[in-house]
Amino acid sequence: FYLELAHRHGEKALELGVGTARLAIQLARAGVETWGIDNAPHMLRAAERSLAREPPEVRRRVHLEQADVRDFDLNERFGLVYFPSYSFDHLITGDDQASALRCIRRHLAPGGVYAFDLAHIPKLKEDSGWFVQRKPLNRERTVVRLGFHRTRPEKRLMSVDLWYEVYEDGRMLERYHEGGEVYIHTPDGIRRLLEENGFEIEAWYGGHDRQPFNNTSGMMVIVARRSRNREID
Ligand SMILES: C[S@@+](CC[C@H](N)C(=O)[O-])C[C@H]1O[C@@H](n2cnc3c(N)ncnc32)[C@H](O)[C@@H]1O
């Protein structure tokens with residue numbers, strides 16, 4: 001999906017929250033000059049390690065920088081800015097969402113698009129609880145994932161804490177924690193937020209295969225472009 005948009009919009013793309021550069025590398029392999037920003041140094045180190053395994057022409061096309069999506073200035077313009085893997089949901093305050101959108105808008109080349117995906121949960125219910133999942137990693141090792149989730153519908157927030165424990169012969173070898181809070185947007189809310197921050201919606205899908213969005217879709221995939229809003233300019 002993002003690769004097709006990059007081809008259509010000038011072969012120069014920016015990935016927000018680039019993580020391990022899993023997607024950025026796919027775009028670069030297909031000839032797209034791809035920039036990626038992330039605010040987590042350990043993610044950027046992992047991205048550099050993945051990139052080091054690529055041939056020189058792919059490495060040359062990828063530019064990684066440590067920056068926060070809420071406040072960045074790369075002094076570049078892109079035909080495609082994309083924020084994949086539900087990452088926009090991690091911006092939980094209205095101020096953070098608006099600052100990110102302002103930065104994104106400034107980085108779009110004329111005719112460029114901003115594409116991203118969001119979780120879609122039509123009926124957000126008050127809910128919380130623990131869950132445990134077990135999965136064999138190989139013949140010797142098993143990983144156990146323990147999680148606690150909590151939904152606060154009045155604030156449209158959902159938080160998840162995950163603990164991963166790796167076991168070998170019943171002995172725990174390592175344990176690490178991952179957690180965070182996400183904001184669950186409504187279709188009306190995200191439409192308003194985009195409009196208020198100088199975007200107009202070009203396409204709205206229910207998945208990356210461009211299926212139409214409806215009330216049962218598990219995600220919203222949105223393609224937006226700069227509106228000609230003089231107040232924002
Ligand atoms: C769910 S991961 C997605 C990684 C990658 N885009 C992918 O699809 O494989 C979200 C990434 O966003 C980064 N991130 C979260 N908040 C950020 C922020 N405020 N500024 C920059 N990066 C951020 C995290 O460090 C993480 O690498």
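## Around Phe72

Phe72 touches Leu14, Leu16, Ile37, Ala67, Cys103, Ile104, Arg106 and His107, leaving aside residues up to four places away in sequence; contact here means heavy atoms within 4.5 Å. This is a predicted model, in which local features need pLDDT of at least 70 and side-chain atom pairs count only at pLDDT 80 or more, while totals for chains, interfaces and linings use all residues. Residues are numbered from 1 along each chain as its sequence is written, and side-chain values use heavy atoms, with hydrogens and water left out.

Buried means under 20% relative accessible area, exposed over 50%, and partly exposed in between (1.4 Å probe, protein chains only).

Which order do the strands of the open sheet follow? The seven strands run β3-β2-β1-β4-β5-β11-β10, with mixed pairing. Strands (E, at least two residues) and helices (H or I, at least four) are DSSP runs numbered from the N terminus, and two strands pair if DSSP finds at least two bridges between them. At the edges lie β3 (62-66) and β10 (199-205), each pairing on one side only.

Strand β1 (residues 12-16) pairs with β4 (residues 78-83) in the parallel sense, over three bridges. Glu15 stands opposite Tyr82 in β4.

## Helix α5

Helix α5 (residues 94-106) packs on the sheet, where it touches β1, β4, β5 (108-119), β10 and β11 (219-226). Several α5 residues are buried, including Gln97, Ala98, Leu101, Cys103 and Ile104.

## The whole chain

In total, the chain has six helices and 11 strands. Its radius of gyration is 19 Å, close to the 17 Å that the globule rule gives for 233 residues, so the chain is as compact as a globular protein of that length. That radius is taken over C-alpha atoms, and the rule is 2.2 Å times the number of residues to the power 0.38.

Of the 233 residues, 45% count as buried. Along its principal axes, the C-alpha trace spans about 60 × 50 × 30 Å.

Terms used. Axes are lines fitted to C-alpha atoms, for helices over the stretch in contact, and angles run from 0 to 180 degrees between N-to-C directions.
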